[in-house]
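This note is meant for a colleague opening this structure for the first time. Please keep the sequence and the model in view while reading.

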Amino acid sequence: MNNFTSVDDVQNPQELIKQVLEIKQNKPHTTLGKNKTLGLIFFNPSLRTRLSTQKAGTNVGMDVIVMNINADSWNIEFEDGAVMDGSTQEHIKDAVQVISGYCDIMGVRTFANLQDPDEDYKEKVLSEFVEHSSVPLISLESATLHPLQSLTDMATITEFGIKRPKVVLSWAPHPKKLPQAVANSFLEWIVKTDAETILTHPEGYELNEKFTKNISIVNNQVEALKEADFVYTKNWSSYAHYGQTPEVKENWTITEDKMNLTNEGKFMHCLPIRRNVVATDEVIEKSLVYQQAKNREYAAQAVIQNILEEL
Amino acid sequence: MNNFTSVDDVQNPQELIKQVLEIKQNKPHTTLGKNKTLGLIFFNPSLRTRLSTQKAGTNVGMDVIVMNINADSWNIEFEDGAVMDGSTQEHIKDAVQVISGYCDIMGVRTFANLQDPDEDYKEKVLSEFVEHSSVPLISLESATLHPLQSLTDMATITEFGIKRPKVVLSWAPHPKKLPQAVANSFLEWIVKTDAETILTHPEGYELNEKFTKNISIVNNQVEALKEADFVYTKNWSSYAHYGQTPEVKENWTITEDKMNLTNEGKFMHCLPIRRNVVATDEVIEKSLVYQQAKNREYAAQAVIQNILEEL
Amino acid sequence: MNNFTSVDDVQNPQELIKQVLEIKQNKPHTTLGKNKTLGLIFFNPSLRTRLSTQKAGTNVGMDVIVMNINADSWNIEFEDGAVMDGSTQEHIKDAVQVISGYCDIMGVRTFANLQDPDEDYKEKVLSEFVEHSSVPLISLESATLHPLQSLTDMATITEFGIKRPKVVLSWAPHPKKLPQAVANSFLEWIVKTDAETILTHPEGYELNEKFTKNISIVNNQVEALKEADFVYTKNWSSYAHYGQTPEVKENWTITEDKMNLTNEGKFMHCLPIRRNVVATDEVIEKSLVYQQAKNREYAAQAVIQNILEEL
């Protein structure tokens, strides 16, 4: 594996998922990454991703350097050919080439602006990193995808060993407008596994068709949840009315009553979660959310190991 | 030792103080913590505590991860059952369970709000960490206690080998209103050692009785200082008029003249110190403040080693 | 080597430059710094310097601790004898003694205020670090010098093996007023090598004579560039009209047409660079800027190794 920015970078996703679970079982501390540097660049704040990836790096013996880049304080120029006589201080192509020069693997978290779907879905910032980096790149979440989260989620589902599980991805309410990255990414990974997948969301919250073309969509949440083995919940803003949050009349919060419709289904969420908005306390207490968070470490380690082996 | 949040977590404080001084003498670099992670979480900024604890962790071979959490940028929900549709993004119980999942030992610095004594003295934030953490917890200062500082101070006093020293804890002026944590903690540790302890402060600055019940209190600073072997100085705001700073007419700054009343007494302060407000330059130059700061490293190392040995 | 704050701290600059290039060739990962701590203190934000020095430290086996000190959040008192009853929280002499107590080598980036040349050129902040540190000190750029950058630049020039190269240091336009540190430092290092050096800048942008007394100065940029082997470009504000930026009528941007006047000269810049202001995209694409950035790591490693060997 050279880069890890979407499922398309992975030759055999099922094999990678298996490796995550092997790492979880054996917790190997290797020296594979000795004298090698993992640089983690965050344009957006991060808790889980930073901690789990930093830990994964040290697990394989790497030196890990974290850079938090406050978009306000370090003004990056993204336009080719710009005359930089204003507030931007460094061109993205210079920054990436310089940083990657000090690293053996680089991770980067970029962000969606939720203004212009073309810009976000072209992955403007991540693409610059891929193009100008001299070393392999790991996405720590980008404008439209979050592959480390999805790999984690697949491993968590696989851990239960259910043959062709019914997996429901359900939209949930949220006070803020959020990107579609986690949902998009979940869908492009789940179709690589043997699962029956249902997507449920209110009208107006359709995702980009690229990710839903082979997915059953049900607008009635209660209908969708029936007999589910896993209920993956996430808020996202509208793709069609890009970045908007059209009003939703029904209550989409996941409750115990709704979970009772499932096949003793497990509730999943990538965290952080708005309690009693996305799901009730009771649902969260019985959920897989901490197991997912812990699996982030093993997913990151599997990715790093794969990249190191091919350096 | 499982947690280290107050002297009550320590079975044998005298033995622990001895261990601090042994570590100082031998400066062992061990591999006791190899492949283990120390996570240090700061809600409040820190210089000494962060550096000394990070160094202590690496001294025993641990990987150390530091998270500075700006209370403004990462809005934590503390109320059980809250409907999180406002500005809080993550519930403390989720955050703590997730973070501790990546650590083998966790350190946390919390803070006093100085508004509501009940909330502070119940250690609302620290208690959530203790309750929800899956790994041992070290307080890096909490709302009402600072045990790593106190352990350091006891070791520093013990280093001088004075039999039953006279130790004076004196209030000092300060332009800001500060918590009572360092003073409270000093008192609960000093009573575990063989010392004659005098507490001196202006009227109105009484500490919580829980910490002063076996301590001699003298409101005349000059009287208190006579024949002291150690003069530990610190500002705190009022406990009775919680968080207030009633006016003080006399000058409580520690001067050379005052130090001349002591038994060649040593001046101590936890730093940072407001020079020529808490004490004059001359007093600070001859003081133990740098020795104390340096001993922070050995105190943290002793605590970490004790916890690692029982993991 | 004890401290590294200017070329004057280096007994044999040519030898040190040679060591940088040997490290670049052999990329040794040593255990010279095992169980030793490198503390890097930044009063000003840093990308290249932080990453390259942190990497250099880990290359020699040191534990590296980074402290970003936001001048706003951690108010330092610089005046001797100050009565600290205002906004300053800690005296520089206390901070430095404490921090250095946890380190074996300390690096610090300070800054120019560009208000008062005396204060800047006395290196008020750096001097406090030198005076109060208990361990060797590396300047990560100071008010008036940037020796790690200059050592890097000398090594980059030396790499080309040109006998007595013609090196032109040219002023360039910039939308902000910048310090003279990089230019001053470049000049005090280049005179220690065997080079023909020309300094070119608009009238009003004369540097401090201390650095230019043996340097040829040409105010006509086109004239200066002729037959140059290396064109080192940098903006600086006026020294005579301290910190001012008198208007410049000619266009001082480095273009391909100007580079065509040189002896296939190489364009150099310390980065970050304002593209199409300091130099055009075309000039930068063919330049040595990424090679310089990468050499920062080896320069820092050479300095750290020299200091470690004499600890």
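This is a predicted model: local features need pLDDT of at least 70, side-chain atom pairs count only at pLDDT 80 or more; totals for chains, interfaces and linings use all residues.

1. Relation of chains C and B.

2. Contact of chains C and B. Each chain is represented here by its own set: 21 residues come from chain C and 21 residues from chain B. On the side of chain C that touches chain B, two or more residues each are given by strand S2 (63-68), strand S4 (90-91) and helix H3 (92-101) of chain C. H3(C) gives the most, with 5 residues. By class, this side of chain C has 8 nonpolar, 9 polar and 4 charged residues.

3. Strands S1 and S2 of chain A. Strand S1 (residues 37-42) and strand S2 (residues 63-68) of chain A run parallel and are joined by 6 bridges. Thr37(A) has Asp63(A) in S2(A) as its bridge partner. Between S1(A) and S2(A) the chain passes through helix H2 (residues 48-59) of chain A, in a right-handed β-α-β crossover.

4. Helix H12 (residues 289-309) of chain A packs with helix H3 (residues 92-101) of chain B at an angle of about 35°, and their axes are 9 Å apart. The crossing of H12(A) and H3(B) is right-handed. Tyr290(A), Ala293(A) and Lys294(A) in H12(A) meet Gln97(B), Val98(B) and Gly101(B) in H3(B). By class, this contact has 3 nonpolar, 2 polar and 1 charged residues.

Definitions and conventions
Residues are numbered from 1 along each chain as its sequence is written. Chains are lettered from A and ligands numbered from 1 in the order in which they are written. Two residues are in contact if their C-beta atoms, placed from the backbone, lie within 7 Å. Helices (H or I, at least four residues) and strands (E, at least two) are DSSP runs, numbered from the N terminus. Ala, Val, Leu, Ile, Met, Phe, Trp, Tyr, Cys and Pro count as nonpolar, Asp, Glu, Lys and Arg as charged, and the others, Gly among them, as polar. Two strands pair if DSSP finds at least two bridges between them. A crossover is right-handed if, with the strands pointing away from the viewer, the path from the first strand over the helix to the second runs clockwise. Axes are lines fitted to C-alpha atoms, for helices over the stretch in contact, and angles run from 0 to 180 degrees between N-to-C directions. A crossing is left-handed if the near helix is turned anticlockwise from the far one by less than a right angle, and right-handed if clockwise.
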